[in-house]
Amino acid sequence: MNGTPIRVGLVIGQLSYGGAESQAYELARGLASRHDVVVYCLSSSSEPYGTRLADAGITVRRLVARGGLDVTRVVRLAGYLRRDRIEVAHAFLFNASAYSYLATRLTPGVRFVASARNCKPEPSPVRRAVMRRAFRVADAVICNSQQVAEFAERHYAARSERVRIVYNGVDTA
């Protein structure tokens with residue numbers, strides 16, 4: 001990296017209380033000191049972290065579903081990625097990874113980072129197929145433990161050479 005700020009989009013299902021939500025918030029704050037960050041929340045559930053991100057000067061865009069598996073949300077996310085000139089889309093959790101994968105197929109040049117933070121198998125065969133494709137083609141897959149990395153490789157065909165383990169951070173302040 002040559003010191004030029006990267007435009008990073010963090011994609012997450014919700015911004016209410018939760019482990020992944022807390023990690024996305026901390027990552028966004030940390031990245032924002034050196035890069036341009038936009039957070040894309042795939043639901044209307046955006047408190048408390050949506051307000052905290054906005055207070056930190058980080059743009060939060062909400063893409064609320066209009067039904068179950070909402071294809072229009074893929075198109076809306078792709079539109080935002082283009083409009084915000086995002087270079088790297090980093091998704092948190094399986095659902096956000098699936099939507100981000102599909103949206104980045106519509107936005108050539110955007111690098112796609114999937115992430116897995118639990119070992120819950122997807123029961124829907126259609127969603128499972130999309131997730132397998134997403135994890136197989138991702139530029140990188142971030143997992144928060146060795147067990148989760150093995151799960152992502154076994155259940156979602158993540159390529160071991162692209163999997164990286166990044167343990168959850170803890171704010172000690």
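Reply: Start with helices and strands: they are DSSP runs, numbered from the N terminus, with at least four residues (H or I) for a helix and at least two (E) for a strand. Here T104 sits in helix α4, residues 93–105. This is a predicted model, where local features need pLDDT of at least 70, side-chain atom pairs count only at pLDDT 80 or more, and totals for chains, interfaces and linings use all residues. Residues are numbered from 1 along each chain as its sequence is written, and side-chain values use heavy atoms, leaving out hydrogens and water.

Me: Is T104 buried or exposed?

Reply: Buried means under 20% relative accessible area, exposed over 50%, partly exposed in between (1.4 Å probe, protein chains only). T104 is buried, because its relative accessible area is 3%. By contrast, V75 in helix α3 (residues 71–83) counts as partly exposed, because its relative accessibility is 48%.

Me: Which residues does T104 touch?

Reply: Contact means heavy atoms within 4.5 Å. Leaving out residues up to four places away in sequence, T104 touches L81, A89, V110 and F112.

Me: What is the largest nonpolar core made of?

Reply: A nonpolar core is a set of buried Ala, Val, Leu, Ile, Met, Phe, Trp, Tyr and Cys residues joined through side-chain atoms within 4.5 Å. The largest has 36 residues, and Y40, L77, F135, V141 and C143 have the most contacts inside it. Helix α4 gives the most to this core: six residues. A second, separate core has 17 residues, including I12, V37, V39 and V60.
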